[in-house]
Amino acid sequence: MNLFQNLSIKRKMTAITMLTCGVGLALLCVALMVLAAITFRGNLVSELTMLADVTGRNCAAAVDFNQPDDAVKTLANLGSDQRLVAAAIYREGKLWAQFPGSLTASALPAESPGIGHRYDRALELARPILDPLSHKQTGTIFLRASLDQLHTKLRQFVGIAVMLLLLAVAVAWLVSARLQRVISEPVLKLADTARVVSEKKDYGVRAQKLGNDEVGALI
Amino acid sequence: MRIARRQFLGHLLAAALAVALAWELSAQTPLSPYQHKALYLFNFAKYTEWPKDAFAGDDAPFVLGILGKDPFGKDLEVIKGKTVRGRKLEVKYFSTLEEVSGCQLLFIALSETNNLAQILKALENTSVLTIAEADGFLQASGMINLVTEKKTAGTQSVAFEVNLAAAQKANLKLDAQLLKLARNVLRT
């Protein structure tokens, strides 16, 4: 604090501005990042929900007719989505169709998982497969998506936010360097005058009045 | 708060589902071939769209007709009391072609195999989904033929083939998902 008190008014002004500005922007950045993380996760959940529902609808007849081979073909279409690492369908509570077929049994829940989603190391989501007419649940579709893509996106976002933060602080420094003169100049001028008075013992010197604010009142 | 509530609902649903499944599993024994076929008949009805004039009225039931010597017997009970597109499922038994009337789905039993051409001719220009389990049924312009397939482990499973052109001629819309499951689809 002492160090700060010994700084010139000009520096103090700049420091205060930069600190205020920096803290504000940093808080904003953190808030935005949290918001982004929540949004990204929410988007992933809603996209996967949609995928699961569409795929589930396309598997409804296969579930009704108990033809897992056909369901596996439909599940395989999900393979084009890079995020999906596993997909499965449960019929009568038991694992009934899965993709990729190479997955070991332990990689998937053996029994029908509860409807909903959860984040583990990956996002796991389960949706009901409904009868197209009665809308009764006939099975459950389960998807597991890797979070790698989401994390990459978040890292990019953090990178951009930090860069913007630095840029904003730099601009703030330039602006404050100019604006702080409004306050510091009259004070510096008054200080100059006072120094002349005390050095030359010339009490006739008058300070130049730059405005009618509190500093102006001192003159 | 919302997430917590959603999770709670999720758990509740899961619990309810588990109970329902446990109940269902306890009630389930392996299906006999004709129970399997009965479920198929019901499922065909589910994935087929009939024109409005195929029914007597909005409250009319959905009628499943069985022509010839009934092979189902008690096995048909697996679909008893179900509804098809909001209509109550009713089963009618016909012993001769002349008796056939007022049904949307007709299962033609093996006993009538020799009369297939005659039966299908009589049903022309009606919106009746015809189903049988006889070789050459599709070639005689029947719509869906049930085929019993032998699987490797000695178990049997039921597959089906579809004559789509015949169904279209009768103004019946078969769901694409149904066609996808068919072992064979005749389109012309």
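This is a predicted model: local features need pLDDT of at least 70, side-chain atom pairs count only at pLDDT 80 or more; totals for chains, interfaces and linings use all residues.
The interface was examined from the side of chain B, of which 20 residues are in contact with 22 residues of chain A. The size of an interface is often given as the accessible area lost when the parts come together. Chain B and chain A bury about 1800 Å² between them, and 57% of this area lies on carbon and sulfur atoms. Three salt bridges are counted between the two chains, one of which joins the side chains of Asp131(A) and Lys46(B), with an N to O distance of 2.4 Å. Eleven residue pairs, both members at pLDDT 80 or more, are in polar contact between chain B and chain A. On the side of chain B that touches chain A, at least two residues each come from helix H1 (2–27), helix H2 (33–46), strand E8 (156–163) and helix H5 (176–181) of chain B, and H1(B) gives the most, with seven residues. By class, this side of chain B comprises twelve nonpolar, four polar and four charged residues.

Within chain A, five strands form an open sheet in the order E2-E1-E5-E4-E3, with antiparallel pairing. Strand E2 (94–99) and strand E3 (116–119) of chain A each have a single partner strand, so that these edge strands are left without a neighbour in the sheet on one side. Neighbouring strands of this sheet are turned by 20° against each other on average, direction ignored. E3(A) is joined by four bridges to the antiparallel strand E4 (residues 122–130) of chain A, where Leu123(A) is the bridge partner of Tyr119(A). Helix H3 (residues 68–76) of chain A lies across strand E1 (84–91), E2 and strand E5 (137–146) of chain A, and runs at about 45° to E2(A).

Methods. Residues are numbered from 1 along each chain as its sequence is written. Chains are lettered from A and ligands numbered from 1 in the order in which they are written. Side-chain values use heavy atoms; hydrogens and water are left out. Contact means heavy atoms within 4.5 Å. Buried area is the accessible area (1.4 Å probe) that two parts lose on being put together, summed over both. A salt bridge is a side-chain nitrogen of Lys or Arg within 4 Å of a carboxyl oxygen of Asp or Glu. A polar contact is a pair of N or O atoms within 3.5 Å; within protein, one must be able to donate a hydrogen and the other to accept it, and residues adjacent in sequence count only if both atoms are side-chain atoms. Ala, Val, Leu, Ile, Met, Phe, Trp, Tyr, Cys and Pro count as nonpolar, Asp, Glu, Lys and Arg as charged, and the others, Gly among them, as polar. Two strands pair if DSSP finds at least two bridges between them. Axes are lines fitted to C-alpha atoms, for helices over the stretch in contact, and angles run from 0 to 180 degrees between N-to-C directions.
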